[in-house]
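Open the model in your viewer and keep the selection panel at hand. The stops below go from one site to the next.

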Amino acid sequence: EKVEITKEQWALIKAILDAYNRHQIPQDVTKKLLQEQYSAEENFLLLTEVATSQVQVLVEFTKNIPGFLSLDREDQIALLKGSAVEAMFLRSAQVLSKKMPRGYTEVLEERIRKSGMSEEFMTPMFNFYKNIGELHMTQEEQALLTTITILTPDRPYVKSHEAVERLQEIMLDVLRKLCVLQHPQEPQYFARLLGRLTELRTLHHYHVEMLTSWKTNDHKFTPLLCEIWDVQ
Ligand SMILES: CC(C)c1onc(-c2c(Cl)cccc2Cl)c1COc1ccc2cc(-c3cccc(C(=O)O)c3)sc2c1
């Protein structure tokens, strides 16, 4: 049927895309990924630094999601803690799927593969990166998918489940319409995007194990990562 994006929905897309583009990891942090040392320790340290910066960026982006700050304060924290890993898989996927910025794809893949992570996580992780790359998501879709991931109602400790669900449904409806308009030849495109959200949940479970295996090898995380990932 004819899909119609309302004025309000266009305003919502613009607000989310502006926030997504405004809040990026500073270049002086990401540039460090391009330096010469490639030891497992150096790779882990650099990834920790970028991840920490990414969390700070994520918090700022989330505060700009229309309606987020009207949610219960404790629920805001629960949503951020519950979605950080998934939002970071989405962000690193955009970098690894040769989207942007130029020249980071190879070095980032190398550093992730050689960061002391157990082999068993590599396959599902790089399979996800391949799947995301094949979607050729637009900037709006990336920003909306990240927003929908953050607004997942069934995270641990979320009290007002319905309030979060209402907000997420608004974003899902916008993304659905956008997919129909931007990928007219692919009626299943929206369903494929949602399939990635399921894959993110699985990766999230793997990630808890990844942290444990890094911890046992005495890898240190930053206070912010310890707080958001409940480690140490
Ligand atoms: C603590 C650390 C060892 C860690 O533990 N698990 C993970 C993880 C790994 Cl491996 C894979 C997926 C998810 C997680 Cl959470 C990580 C590293 O997580 C990150 C998180 C965000 C980003 C953004 C990047 C990036 C590069 C260039 C440019 C840009 C850009 O946005 O311009 C972003 S790299 C990067 C690395």
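**Pockets and ligand**

Begin with the lining of the largest pocket, which by class has 25 nonpolar, 9 polar and 1 charged residues. This is a predicted model. Select Leu47, Val50, Ala51, Met88 and Ser92: of the 35 lining residues, these lie nearest the centre of the largest pocket. Its volume is about 730 Å³. Now colour helix 2 (27–30), helix 3, helix 4, helix 5 (105–113), helix 6, helix 9 and helix 10, the elements that give two or more residues to this lining. Helix 3 gives the most, with 7 residues.

Helix 3 (40–63), helix 4 (73–96), helix 6 (119–135), helix 9 (189–216) and helix 10 (223–229) each give two or more residues to the shell around the ligand. Helix 3 again gives the most to this shell, with 6 residues.

Select the 26 residues that surround the ligand; the closest are Gln54, Arg91, Tyr129, His207 and Trp214. Taken alone, the ligand exposes 730 Å², and the protein buries 98% of that. Zoom in on Arg91, where a polar side-chain atom lies 2.9 Å from an oxygen atom of the ligand. At His207, a side-chain N or O atom is 2.8 Å from a nitrogen atom of the ligand.

Last, go to the second largest pocket, with about 430 Å³ of space. Lys81, Gly82, Pro156, His204 and Val208 lie nearest its centre, out of 20 lining residues. Helix 9 gives the most to this lining, with 7 residues. By class, the lining has 9 nonpolar, 5 polar and 6 charged residues.

Terms used. Residues numbered from 1 in each chain as written. Predicted model: local features only at pLDDT ≥ 70, side-chain atom pairs only at ≥ 80, totals over all residues. Heavy atoms only, no water. Near = heavy atom within 4 Å. Polar contact = N/O pair within 3.5 Å; in protein donor to acceptor, adjacent residues only side chain to side chain. Areas by Shrake-Rupley, 256 points an atom, 1.4 Å probe, with all protein chains shown as cover. Helix = DSSP H or I, 4+ residues; strand = E, 2+ residues; numbered from the N terminus. 1 Å grid on protein atoms, 1.4 Å probe; cavity = no way out; pocket = protein on both sides within 12 Å on 5 of 7 lines; lining within 4 Å. Points joined across faces, edges and corners; volume = space filled by probe spheres on them. Nonpolar A, V, L, I, M, F, W, Y, C, P; charged D, E, K, R; others polar.
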